[in-house]
Amino acid sequence: TKTALGTKIRELGIKAVYIEKLADLTRSSKSYIWELENKAPPRPSAEKISKIAEQLGVTIEYLLDDQASI
């Protein structure tokens, strides 16, 4: 059976891997990706947001618009 601890460790591990991979693919630091996720408001450069959108397979507008859907 799954425990809360096991589930949370797994989720956090997946997120950590995703942040590291996205940082590598966009030539960014892990802390920069973390700041984009957690800092309000994030202030990415146009070049970085373009690379992130490309790697995630979405448009820039989708990433920046609270109302946009995939």
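Colleague: Which residues are buried in helix α3?

Modeller: This is a predicted model, in which local features need pLDDT of at least 70 and side-chain atom pairs count only at pLDDT 80 or more, while totals for chains, interfaces and linings use all residues. Residues are numbered from 1 along each chain as its sequence is written, and side-chain values use heavy atoms, with hydrogens and water left out. In α3, residues 46-56, the buried ones are Lys48, Ile49, Ile52 and Ala53. Buried means under 20% relative accessible area, exposed over 50% and partly exposed in between, with a 1.4 Å probe and protein chains only. Helices are DSSP runs of H or I with at least four residues, numbered from the N terminus.

Colleague: Why do those four lie on the same side of α3?

Modeller: They cover an arc of only 130 degrees around the axis, which puts them on the same side of α3. The arc is that of the directions from the helix axis to the C-beta atoms.

Colleague: And what is exposed on the other side of α3?

Modeller: Ala46, Glu47 and Glu54 are exposed there.

Colleague: Which helices do the buried residues of α3 pack against?

Modeller: They pack against α1 (4-25), α2 (30-38) and α4 (60-64); contact means heavy atoms within 4.5 Å.

Colleague: Turning to the largest pocket, what is its volume?

Modeller: The volume is about 200 Å³, taken as the space filled by probe spheres set on grid points joined across faces, edges and corners. A pocket is an open set of points on a 1 Å grid over the protein atoms alone, where a 1.4 Å probe fits, with protein on both sides within 12 Å along at least five of seven lines; lining residues have an atom within 4 Å of a point.

Colleague: Which residues line the largest pocket?

Modeller: Among them are Tyr18, Ile33, Glu37, Pro42, Ile49 and Leu63. Each of α1, α2, α3 and α4 supplies at least two residues of the lining.

Colleague: And which residues make up the largest nonpolar core?

Modeller: The six are Ile19, Leu22, Ala23, Ile33, Leu36 and Ile52. With three residues, α1 gives the most to this core. Such a core is a set of buried Ala, Val, Leu, Ile, Met, Phe, Trp, Tyr and Cys residues joined through side-chain atoms within 4.5 Å.

Colleague: Lastly, where is Arg27 found?

Modeller: Arg27 is in the loop between α1 and α2. Arg27 has a positive phi of about 55 degrees although it is not a glycine, and counts as exposed at 72% relative accessibility.
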